[in-house]
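Student: I'd like to learn how to read a structure feature by feature. Can you walk me through one?

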Amino acid sequence: MALDPSFIGRSYPPTEPYEVGREKIREFALAIGDANPAYTDAEAAKALGHQDVIAPPTFPFAIAFRAAGQVVEDPELGLDYTRVVHGDQKFQYSRPVRAGDRLTVAVTIDNIKSLAGNDVLTVRGDVADETGEHVVTAVITLVARAADEAGE
């Protein structure tokens, strides 16, 4: 069953603050194989004009995707998550994510469309720090594959 396009524009409450730690940034940088010293060495980051270590550009995916869980788990939307694959990811930054940031994510359904029987859901996560300053917008595209003719 196709997702209801009347959900476009629906917003969800901001998440509880997520405190960005130096160790989380270091672990993430290690996991993606990025040896940029600005991600692991506070002095290197300061030499580049940052207050502390900064996170790799894709770091906010973890908190934005968790926040998008509000959409995925919305029983009114009726998304069958067992059929979902991650279609695309984009980030639009106002500033880098820094160690010590306390970030919240406000999620909105930006688009719902049907392509070849598949539902394509675009979710926007606006990430702000504790002062309310915009840090980054994460745009996540999820594709809910159509059931085959056997209903599987």
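Tutor: Let's go through the sheet, the rings, one backbone angle and the charged pairs. This is a predicted model, where local features need pLDDT of at least 70, side-chain atom pairs count only at pLDDT 80 or more, and totals for chains, interfaces and linings use all residues. Residues are numbered from 1 along each chain as its sequence is written, and side-chain values use heavy atoms, with hydrogens and water left out.

Student: In what order do the five strands of the sheet come?

Tutor: The general idea: strands of a sheet pair through backbone hydrogen bonds, either parallel or antiparallel. Strands (E, at least two residues) and helices (H or I, at least four) are DSSP runs, numbered from the N terminus, and two strands pair if DSSP finds at least two bridges between them. Here the order is E1-E3-E4-E5-E2, an open sheet with antiparallel pairing. The edges are strand E1 (18–19) and strand E2 (84–93), each pairing on one side only. E1 is joined to strand E3 (residues 102–115) by two bridges, and Tyr18 stands opposite Leu103 in E3.

Student: Which helix lies across those strands?

Tutor: Helix H3 (residues 61–72) does, running at about 55 degrees to E3. For such angles, axes are lines fitted to C-alpha atoms, for helices over the stretch in contact (heavy atoms within 4.5 Å); the angles run from 0 to 180 degrees between N-to-C directions.

Student: How many aromatic pairs are there?

Tutor: A pair of aromatic rings is described by the distance of the centres and the angle of the planes. Rings of Phe, Tyr and Trp (its six-membered ring) pair if their centres lie within 6.5 Å; planes under 30 degrees apart count as stacked, over 60 as edge-to-face and the rest as tilted. By this rule the count is three. One of them is Phe28 with Phe59, edge-to-face at 5.4 Å centre to centre and 80 degrees between the planes. Phe28 sits in helix H1 (residues 22–32) and Phe59 in the loop between helix H2 (42–47) and H3, 31 residues apart. Another, Phe91 with Tyr93, is tilted: 6.4 Å and 40 degrees.

Student: Is Phe59 buried or exposed?

Tutor: Buried means under 20% relative accessible area, exposed over 50%, partly exposed in between (1.4 Å probe, protein chains only). Phe59 is buried because its relative accessible area is 5%, while Tyr93, at 33%, is partly exposed.

Student: What about phi of Ala116?

Tutor: Most residues other than glycine have a negative phi. Phi of Ala116 is near 50 degrees, a positive value. Ala116 is in the loop between E3 and E4 and counts as exposed, at 79% relative accessibility.

Student: And how many salt bridges does the structure hold?

Tutor: Side chains of opposite charge can pair when their charged atoms come close. The rule is a side-chain nitrogen of Lys or Arg within 4 Å of a carboxyl oxygen of Asp or Glu. The structure holds 13. Among them is Arg95 with Asp129 (3.0 Å, N to O), both buried. Arg95 also forms a salt bridge with Glu133, the closest N and O atoms being 3.6 Å apart. Arg95 lies in the loop between E2 and E3 and Glu133 in the loop between E4 and E5, so this pair ties together parts 38 residues apart in sequence. In strands E3 and E4, Asp110 and Arg124 are 14 residues apart, and their salt bridge has its closest N and O atoms 2.4 Å apart.
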